[in-house]
Amino acid sequence: MECPLLVSIKIRQIFGMAEKEMEYRVELFNKMTQSCFNKCVDNKYKESELNMGENTCIDRCVSKYWHVTNLIGQLLGTGGKQ
Amino acid sequence: MADESQKAVANDFVNSKEVEKPQIQPLSLPTVEEIRGQDIWNNCAVRSVVSGVMGGGLGIAMGLFLGALDNPMMQEQMTGKQQFIFQAKQMGRRSWSSAKAFAVMGFVFSAAECVVEKARAKHDITNTFVAGCTTGAAISAKGGPQAACMGCAGFAAFSVVIEKFLERHQ
């Protein structure tokens, strides 16, 4: 039978990791939105709807950002060996 | 005392002006239906078909109008009813050919603009230029390469002018 102190420490650790994960996700979303908006949407707001070009640009931007995030995550994971 | 009352009156005036301004709408993310609608409208095939149909409608109207203006050649030899039937047939022929021409024009222009804009991922006047050139070349392709070049240049210039005019008035 586990010591209740150890159990509570484990629970706190898991909560801490979940919080960190949540913060990481929110940061990723904010950075992605900011960077893709600055890259794709022209400054002269001529209309309120997204053009087809801007729509395509945002699709591609998000896809590339996601791929880059995954790739860098993998490289970080194996970075210690190299 | 008079100053204070004057300030109170001025404040009331400003407040009532501010209340009359339209309320700012709260932010709302697009719903699923809106996103699906946008996706359907961003499809190149759907867009070009709709443009072709609209071009056809415009062609029918123009053909009716222009066909009504033409006078038949044998006006003295026909009775009133024959004249009416002849006129109606002429208007129909004219509007059908005009509808076909305009439908092709609208279809090709819209398809070219959609493809170019999707490839470049930018909303520019260059898209309109290239689409106009393609449409002009497609329409006058039967006259040979020189006619195609002239058609391309002419239609591209025309569509750029129309686009700039529409941009300024919106």
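**Note on the predicted model: the contact of chains A and B**

1. Lys46(A) is exposed, because its relative accessible area of 59% is over the 50% cut-off. The structure discussed here is a predicted model. Lys46(A) makes a salt bridge with Glu167(B), and the closest N and O atoms of the two are 3.7 Å apart. This pair runs from one chain to the other: Lys46(A) sits in the loop between H1 and helix H2 (52–78) of chain A, while Glu167(B) belongs to helix H6 (residues 145–168) of chain B. Glu167(B), with a relative accessible area of 39%, is partly exposed.

2. How many salt bridges are there between chain B and chain A? The count is 1, and the pair concerned is Glu167(B) with Lys46(A). Helix H4 (residues 80–120) of chain B contributes the most to the side of chain B that touches chain A, namely 4 residues. By residue type, that side of chain B consists of 3 nonpolar, 3 polar and 5 charged residues. Polar contacts across the interface of chain B and chain A amount to 3 residue pairs, with both residues at pLDDT 80 or more.

3. The extent of the interface may be described next. The size of an interface is often given as the accessible area lost when the parts come together. Between chain B and chain A, about 890 Å² is buried, and carbon and sulfur atoms give 49% of this area. The residues taking part number 11 from chain B and 9 from chain A.

4. Salt bridges also occur inside chain A. Side chains of opposite charge can pair when their charged atoms come close. Over all chains, the count comes to 4 salt bridges. One of them joins the side chains of Arg25(A) and Glu21(A), at 3.3 Å from N to O. Both residues are in helix H1 (residues 4–40) of chain A and lie 4 residues apart, about one turn of the helix. Arg25(A) has a relative accessible area of 43% and is partly exposed; Glu21(A), at 39% relative accessibility, is also partly exposed.

5. A further salt bridge links the side chains of Lys31(A) and Glu27(A), with an N to O distance of 3.1 Å. Helix H1 of chain A holds both of these residues, which are 4 residues apart, about one turn of the helix.

6. Chain B as a whole contains 6 helices and 0 strands, and its pattern along the sequence reads α-α-α-α-α-α. Of its 170 residues, 22% are buried. Its accessible surface is about 12,700 Å², with 66% belonging to carbon and sulfur atoms. Among the contacts in chain B between residues at least 6 apart in sequence, 58% join residues at least 24 apart.

7. Arg120(B) is found in helix H4 of chain B. The C-alpha atoms of Arg120(B) and Lys81(B) are 58 Å from each other, the two residues being 39 apart along the chain. Leaving aside residues up to four places away in sequence, Arg120(B) touches Thr126(B) and Asn127(B). With Asn127(B), the side chain of Arg120(B) forms a side-chain polar contact of 2.9 Å. Arg120(B) counts as partly exposed, because its relative accessibility of 32% lies between the cut-offs of 20% and 50%.

Methods:
Residues are numbered from 1 along each chain as its sequence is written. Chains are lettered from A and ligands numbered from 1 in the order in which they are written. This is a predicted model: local features need pLDDT of at least 70, side-chain atom pairs count only at pLDDT 80 or more; totals for chains, interfaces and linings use all residues. Side-chain values use heavy atoms; hydrogens and water are left out. Contact means heavy atoms within 4.5 Å. Buried area is the accessible area (1.4 Å probe) that two parts lose on being put together, summed over both. A polar contact is a pair of N or O atoms within 3.5 Å; within protein, one must be able to donate a hydrogen and the other to accept it, and residues adjacent in sequence count only if both atoms are side-chain atoms. Helices (H or I, at least four residues) and strands (E, at least two) are DSSP runs, numbered from the N terminus. Ala, Val, Leu, Ile, Met, Phe, Trp, Tyr, Cys and Pro count as nonpolar, Asp, Glu, Lys and Arg as charged, and the others, Gly among them, as polar. Buried means under 20% relative accessible area, exposed over 50%, partly exposed in between (1.4 Å probe, protein chains only). Accessible areas come from the Shrake-Rupley method with a 1.4 Å probe; for residues, only the protein chains shown count as cover.
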